[in-house]
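Let's take a guided look at this structure, one piece at a time. Keep the 3D view open as you read.

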Amino acid sequence: MSTPRTVLVTGGNRGIGLATAKQFAAQGHRVAITYRSEAPADSEGLFAVRCDVTDAQQIDDAFAQIDKELGPVEIVVSNAGITRDGLVLRMKDDDFTDVLDANLTAGFRVARRAVKGMMKGRWGRIIFVSSIVGAAGQAGQANYAASKAGLVGLARSLAKEFASRNITVNIVAPGPIATDMLDALPEERRQAMAEAVPLGRLGSPDEVAGVICFLASDAAAFVTGAVIPVDGGMAMGI
Amino acid sequence: MSDQDLFERFKRRAVEVLSVEDGQVKLEAKFADDLDADSLDLVEFVMALEEEFDINVEEQELEGVDTIGQAFELVKSKI
């Protein structure tokens, strides 16, 4: 059983974020989650903080609150993100930049704030939740895919900048996972996705959480700058 | 506050952040060559000084600051 740590999961109010927060809590860690508008339905054992990750001041305030309540953040899971799907010809500037801001720039802001404390403690784990579409591309998701691909460059640069401080930075790239985000798609789309997956099904948020928790654990101390797909084999080789 | 007192506080932060001995923190000491400080150490050091002296140091002002003495002059100019 690893040393209990203070964990922050952004966008931890539902889906992969919530599953991840709960797994960390079950392992005995002190877990904080941020949410933009809807507080989690079931946040037992979690410290929920309202925070819009596109606002640097709100991130600062959130970290200050968490620091006071649970101690300095040692593990960060940058998971908050949005989609605004549409074909490129119909995509307005805002549709592109807003998604980039919420998914990529926010990741940068959260990481920048987190490393300050991690540097002092000479220990840290940062995990970015990317997506297989970052590497594989997806029609209708140019903005989302671009933001998710960007996280890899960001993560690897952070990994190199902060390696000397015993801070590892990794990426998980989920494939199609059964969450609200996917529920928004028509049934036939979800069916088609499941069929495109070698393992023949969608993944569960817990399965992604499992890999995230591993990356944050002592067992993954020699893993940094890695991109780990959790996609049932969908994008293997890409 | 005298220069001497100021330097004492400055030195304490240097020892703490750069993990060096008090005796190593001489005005001529070069961050990279003498104190084994990498760029990240410097960032940490500047942040500690900003906190200690309630000052703000812009990125550009650090250009050319290679020694303890130069860093100390920069801090003094801001108090």
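## Two strands side by side

In this predicted model, A:Thr6 sits opposite A:Arg30 of strand E2 in chain A. Strand E1 (residues 6-9) and strand E2 (residues 30-35) of chain A pair in the parallel sense, with four bridges between them.

## The whole sheet

Now zoom out. Chain A has an open sheet of seven strands, ordered E3-E2-E1-E4-E5-E6-E7, with parallel pairing. Strand E3 (46-50) and strand E7 (227-230) of chain A each have a single partner strand, so one side of each has no neighbour in the sheet. From one strand to the next, the twist averages 20°.

## Helices on the sheet

Which strands does helix H2 of chain A lie across? Helix H2 (residues 56-70) of chain A lies across E1, E2 and E3 of chain A, and runs at about 155° to E3(A). Helix H5 (residues 142-162) of chain A also packs on the sheet, where H5 touches strand E5 (124-129), strand E6 (167-174) and E7 of chain A. The direction of H5 makes about 160° with that of E6(A).

## A helix with two sides

Over to chain B. Helix H1 (residues 3-18) of chain B has 16 residues, which at 1.5 Å a residue should span 22 Å; its end C-alpha atoms are 21 Å apart, in agreement.

In H1(B), the residues B:Phe10, B:Ala14, B:Val17 and B:Leu18 are buried. Because they cover an arc of only 80° around the axis, they are on the same side of H1(B). The buried residues of H1(B) pack against helix H2 (39-53) and helix H3 (68-78) of chain B. On the other side of H1(B), B:Gln4, B:Asp5 and B:Glu8 are exposed. Just after H1(B) comes B:Ser19, with a positive phi of about 55°.

Terms used. Residues numbered from 1 in each chain as written. Chains lettered and ligands numbered in written order. Predicted model: local features only at pLDDT ≥ 70, side-chain atom pairs only at ≥ 80, totals over all residues. Pairing = 2+ DSSP bridges. Axes fitted to C-alpha atoms, helices over the stretch in contact; angles between N-to-C directions. Contact = placed C-beta atoms within 7 Å. Expected span 1.5 Å × (residues − 1). Buried ≥ 20, exposed ≤ 12 C-beta atoms within 10 Å, placed from the backbone. Arc of directions from axis to C-beta.
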